Amino acid sequence: MNDIHIAGTGIWFPDEVITNDEIVSSFNSYVDNFNEENKNSIDNGDVVPMEYSSSAFIEKASGIKTRHVIDKKNILDIEKMMPSVKHEDESRLSIHAIAGIEAAKKAMKQANVSADEIDGVILGTSHAARNYPSVAIEIQNELGIEGYAYDMLVGCSSTTFAINNAFSDISSGLAKTILVINPEISTPFVNYAKRDIHFIFGDGCVATVVSKEKTSGNCFKIIDRKLVTKFSNNIRSDWSYLVRAASDEKSIEDLLFYQNGNSVFKEVCPMVAEFISSQLTANNIKPGDISKFWLHQANSRMVNLIVSKVINTDDFDESLAPLPIQKFGNLASAGSMFAFNLHNDLKQGEKGIICSFGAGYSVCSMIVEKI
Ligand code: COA
């Protein structure tokens, strides 16, 4: 079989930045208000007082320093604590399409491919923008791409699973070149009044051109793909079209993203380290022969722990496992390819691992080689 390549990538992220001190200051003001408003109930022991968040905790526990967001003002406003967006309808392009088109144009330029050379668009994301028409078809139409397009959802593995689908379509002969797009507009889904998650997410989008042809001077051959899913309730998002008809009462807050972050950490790190190690063994590649680990950006400690287990030492430089999470926060499924986009200056013949892990649980690891 002929090789299949990652021929180019592009990223989009909003201009506005929130620092840890800013997000903590907003959260702590909310805590003061909550505790003051509920003073009597707290004094009676009927309500548990809220505790302050801290920048020191956030940086130590997650590695996050800043995050780029679509609406800083309204996220930090304690009367709102969410970005302000408009209902989407046929009168304008959707927010996911706007982000996706920006990233896609950069990826197409880097890959040196035009719209008429693309056979399909696969859009993977953690949160469906709407039921239909799919955002992928909206973007396909805007970019003037023929062929087919569809959306898919696999939580934080939506990007790598989408690249995997592109690979499969190309290797089966269905397509020669596929544009993969992964918008992750997560901030509308964050409960900014919850101390253990208010700091985690940022907004961003990555796009990847996957092609049979070596279309650019910066192509990476996909040597191997490995995927697994294992059911877990530790990361959930229960918002759906069924909400309207549900007979049992739940608040919108109850339906937002929630997780048992510590259990995720403990269960996913060994699972992913073992997953990557066995993939390397199956491909006769030594861990020391991997020049770059572009891992899912949920937590810098997770990235470092997984890499140290795979290479059997914690004595390595950050350049081996880049951490865009420090600047962008958790970008859901876009994190690993954001890392790839920003740090892929490998020499010919050098190899790297792109690996996602997240809700589902879902894991996808790809070994790539610079050609
Ligand atoms: N500020 C200060 N303290 C905080 C805090 C905050 N914002 N949030 C939580 N804490 C406290 C907790 O209440 C807890 O206190 P306790 O020890 O008195 O009970 C303590 O800090 C430790 O909390 P814990 O939840 O164990 O922290 P952690 O070290 O596991 O870090 C995460 C939390 C979320 C950063 C980390 O678990 C993580 O990143 N997990 C992986 C998540 C993931 O991959 N999710 C996928 C989503 S895409």
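Asparagine 284 sits in the loop between α8 and β11 (290-295); helices here (H or I, at least four residues) and strands (E, at least two) are DSSP runs, numbered from the N terminus. Asparagine 284 is not a glycine, yet has a positive phi of about 55°. Because its relative accessibility is 74%, asparagine 284 counts as exposed; exposed means over 50% relative accessible area, buried under 20%, and partly exposed in between, with a 1.4 Å probe and protein chains only.

Before going on, the basis. This is a predicted model, where local features need pLDDT of at least 70, side-chain atom pairs count only at pLDDT 80 or more, and totals for chains, interfaces and linings use all residues. Residues are numbered from 1 along each chain as its sequence is written, and side-chain values use heavy atoms, with hydrogens and water left out.

Alanine 332 also has a positive phi, about 50°, although it is not a glycine. Its loop runs between α10 (325-328) and α11 (335-342). Buried or exposed? Alanine 332 counts as buried, because its relative accessibility is 2%.

Next, the cis peptide bonds. One goes from tyrosine 132 to proline 133, with omega near -5°. Proline 133 is in the loop between β4 (120-125) and α6 (135-143). Another cis bond goes from glycine 360 to tyrosine 361, and there omega is near -10°. Tyrosine 361 belongs to the loop between β12 (351-358) and β13 (362-370).

One more loop residue is asparagine 191, placed between β6 (177-185) and β7 (203-211). With 13% relative accessibility, asparagine 191 counts as buried. Its side chain reaches the backbone nitrogen of alanine 193 at 3.0 Å. Leaving out residues up to four places away in sequence, asparagine 191 touches Ile197, His198, Glu253 and Leu256; contact means heavy atoms within 4.5 Å.

Now the ligand. How many residues surround it? There are 20, and the closest are Ser53, Cys156, Gln259, Asn262 and Asn299; a residue is near if one of its heavy atoms lies within 4 Å. By class, the shell has eight nonpolar, nine polar and three charged residues. Ala, Val, Leu, Ile, Met, Phe, Trp, Tyr, Cys and Pro count as nonpolar, Asp, Glu, Lys and Arg as charged, and the others, Gly among them, as polar. At least two shell residues come from each of α3 (55-62), α8 (261-282) and α9 (300-311). The largest share, three residues, is from α8.

For polar contacts, the pair is of N or O atoms within 3.5 Å. A polar side-chain atom of serine 53 is 2.9 Å from a ligand nitrogen. Arginine 195 places a backbone N or O atom 2.9 Å from a nitrogen atom of the ligand. At asparagine 299, a side-chain N or O atom is 2.7 Å from a ligand oxygen. The ligand on its own has 980 Å² of accessible area, and the protein covers 71% of that; areas are by the Shrake-Rupley method with a 1.4 Å probe, and for residues only the protein chains shown count as cover.

Last, the whole chain. It has 11 helices and 13 strands, and 52% of its 371 residues count as buried. The C-alpha trace spans about 70 × 55 × 35 Å along its principal axes. Among contacts between residues at least 6 apart in sequence, 77% join residues at least 24 apart. The accessible surface of the protein chain is about 17,200 Å², 48% of it belonging to carbon and sulfur atoms.

Notes. A polar contact is a pair of N or O atoms within 3.5 Å; within protein, one must be able to donate a hydrogen and the other to accept it, and residues adjacent in sequence count only if both atoms are side-chain atoms.
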